[in-house]
Amino acid sequence: MQTAQVNAVQQLATEAASEYLTFTLGDESYGIDILKVQEIRGYDCVTRIANTPPFIKGVINLRGVIVPIVDLRIKFNVGEATYHEFTVVIIINVLNKVVGIVVDGVSDVVALPAQSIKPPPELGASLDTRYITGLGTLNDEMLILVDIEKLIGSDELQIVDSTVENTQKEAVNL
């Protein structure tokens, strides 16, 4: 009897809805695990760091913590990156790192049941889908679910770690 109950609980847990913070980049809607989000703030001026890729806008000082700012519009190549009063920075905490991601706007927090999430399409080597965990459907709208841990832990973003370390060392030496 206990085994049947455990299996039923496990099945309910896998069918339970996961919550995602939804945001827009260009014309598309994206979602990230809400548990990774620390805060949402407006876009402020950043301190530019020399010799970083274009998608790393620089760093900000957030209550004593140096936070690298990554523009997902540039990283995902989804149109012109313009900064105005509606541009938003989502501060996330993943892999023991605090990082800000710039997006066009934040929409909502939604709960998606597991059955409404489909695996990403196989599009071949020409398109990089390694950061996409799936495609969710919500009221006839497609939501691209991003694995923010894979993105922040990726090789091309390891430069963020070295940039922040060098900036912190320079600040201490001043």
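Colleague: Over the ring of which residue does the charged end of Lys75 sit?

Modeller: Please note that this is a predicted model. The charged end of Lys75 sits over the ring of Phe55, at 5.2 Å from the ring centre. Arg73 also lies over a ring face, that of Tyr83, 4.8 Å from the centre.

Colleague: How many aromatic pairs does the structure hold?

Modeller: A pair of aromatic rings is described by two quantities, the distance of the centres and the angle of the planes. There are three aromatic pairs here. One of them joins Phe23 and Tyr30, which are stacked with 5.7 Å centre to centre and 10° between the planes.

Colleague: Are Phe23 and Tyr30 buried or exposed?

Modeller: Phe23 has a relative accessible area of 1% and is buried. Tyr30, at 7%, is buried as well. Together with Phe76, Phe23 and Tyr30 form one aromatic cluster.

Colleague: What is the geometry of the pair formed by Tyr43 and Tyr83?

Modeller: Tyr43 and Tyr83 are stacked, with 4.5 Å centre to centre and 20° between the planes. Tyr43 belongs to the loop between β3 (37–42) and β4 (56–62), and Tyr83 to the loop between α2 (72–75) and β6 (88–94); the pair therefore ties together parts that are 40 residues apart in sequence.

Conventions: Residues numbered from 1 in each chain as written. Predicted model: local features only at pLDDT ≥ 70, side-chain atom pairs only at ≥ 80, totals over all residues. Heavy atoms only, no water. Phe/Tyr/Trp six-rings, centres within 6.5 Å; stacked < 30°, edge-to-face > 60°. Buried < 20%, exposed > 50% of the residue type's maximum accessible area, 1.4 Å probe, protein only. Helix = DSSP H or I, 4+ residues; strand = E, 2+ residues; numbered from the N terminus. Lys NZ or Arg CZ within 6 Å of the ring centre and 35° of its normal.
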